[in-house]
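Visitor: Hi, I have a model open here and would like to talk it through. Could you help me find my way around?

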Amino acid sequence: MRSLVLVNALALPLPAFGASDRAVIVGSNQAGPGQVPLQWADADAERMRAVLTEIGGFRPEDVEVLRDPDARTRFGSIDRAADDLGAAGDQPTRFVFYYSGHARSRSLSLGADELPIELLDERLESVPARQSLAVLDACQAGEPGSPKGVMAEAAFSFVSVAGLSTEGTAVVASSTANELSQESERLGGSMFTHHWISALRGAADQDRDGAVTLDEAYDYAYDRTLVETAATAIGPQHPTLRIDLRGHGD
């Protein structure tokens, strides 16, 4: 299973956002049949929460963090966010969904509970946000330098970009369809998420203008993830990018 990210460049004018933004952040270390409990999913979730509230313009009360939830709890959180965003009217709105945990080729694993990707896709497409961001950091094994996901099927797709009711989206995958995402004991989390968060916190600001664009963040996370995984027993991991954005600038 590869990780998918719908990414908004956090260089947007933040005063235009904030009060109507919502985020659902999930970290699940639970193991299902044939899986090993994860070590770092909750830490990855906390890092995503922190970057949204500290520099992403999200109010702490608008970011809901779930640890080891079942599918019903997760859907309830998405539905509440959708209701809040629907009440925002014509205001600019952003929605972020982040998941770090186990997954199989067509479902997320919440312990013994399997959540089909298609059902989650439908739920997220119903969220009436101007810009939607979804991050799937799917893990299977919990040992250092081990796979963070099972082998993905070529047709796997978490979100149909064309079907999302958003003004602009981009899709970043933490690996290609034939690769496994990995986590690291040294980093204390997912290799890709670690470098993606570092990018958003300013490491990717190549032109030193105080803003991290989508291209800058992707280039930084791609290079660091590839270098980090090249020497592991699992092999190199190549993040990928697909863009469907409208508007002005990067």
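Predicted model: local features only at pLDDT ≥ 70, side-chain atom pairs only at ≥ 80, totals over all residues.

Visitor: Stepping back, how many helices and strands does the chain have?
Guide: There are five helices and 11 strands. The chain has 250 residues, and 56% of them count as buried. As for contacts between residues at least 6 apart in sequence, 78% join residues at least 24 apart.

Visitor: Which residues have the most contacts inside the largest nonpolar core?
Guide: Those are Phe95, Phe97, Leu108 and Leu120, in a core of 24 residues. Elements giving two or more residues to this core are the strands β2, β4, β5 and β7 together with α2 and α3. The largest share, six residues, comes from α2.

Visitor: What about a second core, which residues does that include?
Guide: A second, separate core has 23 residues, among them Ile25, Leu52, Trp196 and Val212.

Visitor: Back to α2, then. At what angle does α2 pack with α3?
Guide: The angle is about 15 degrees, with the axes 10 Å apart. The two helices, α2 and α3, are therefore roughly parallel to each other, and α2 passes α3 in a right-handed crossing.

Visitor: Which residues meet there?
Guide: From α2 you have Arg74, Phe75, Ile78 and Asp79, and these meet Leu119, Leu120, Arg123 and Leu124 of α3. By class, that contact of α2 with α3 has five nonpolar and three charged residues, with no polar ones.

Visitor: Now the other pair: how are α4 and α5 arranged?
Guide: Their axes come within 8 Å and cross at roughly 140 degrees. That makes α4 and α5 oblique to each other, and their crossing is right-handed.

Visitor: Which residues make that contact?
Guide: On the α4 side they include Phe192, His195, Trp196 and Leu200, and on the α5 side they include Leu214, Tyr218, Tyr220 and Arg224. By class, the contact of α4 with α5 has 11 nonpolar, four polar and two charged residues.

Visitor: Changing topic to backbone angles: what is the phi of Asp68?
Guide: Asp68 has a positive phi of about 50 degrees, although it is not a glycine. For context, most residues other than glycine have a negative phi. Asp68 lies in the loop between β3 and α2, and Asp68 is partly exposed, with a relative accessible area of 39%.

Visitor: And what about the phi of Arg208?
Guide: Arg208 also has a positive value, near 55 degrees, in a residue other than glycine. You will find Arg208 in the loop between α4 and α5.

Visitor: Is Arg208 buried or exposed?
Guide: Arg208 is exposed, with a relative accessible area of 66%.

Visitor: Thanks, that helps!

Key:
Residues numbered from 1 in each chain as written. Heavy atoms only, no water. Axes fitted to C-alpha atoms, helices over the stretch in contact; angles between N-to-C directions. Helix = DSSP H or I, 4+ residues; strand = E, 2+ residues; numbered from the N terminus. Parallel < 35°, antiparallel > 145°, perpendicular 65-115°, else oblique. Left-handed = near helix turned anticlockwise from the far one by under 90°. Contact = heavy atoms within 4.5 Å. Nonpolar A, V, L, I, M, F, W, Y, C, P; charged D, E, K, R; others polar. Core = buried A, V, L, I, M, F, W, Y, C linked by side-chain atoms within 4.5 Å. Buried < 20%, exposed > 50% of the residue type's maximum accessible area, 1.4 Å probe, protein only.
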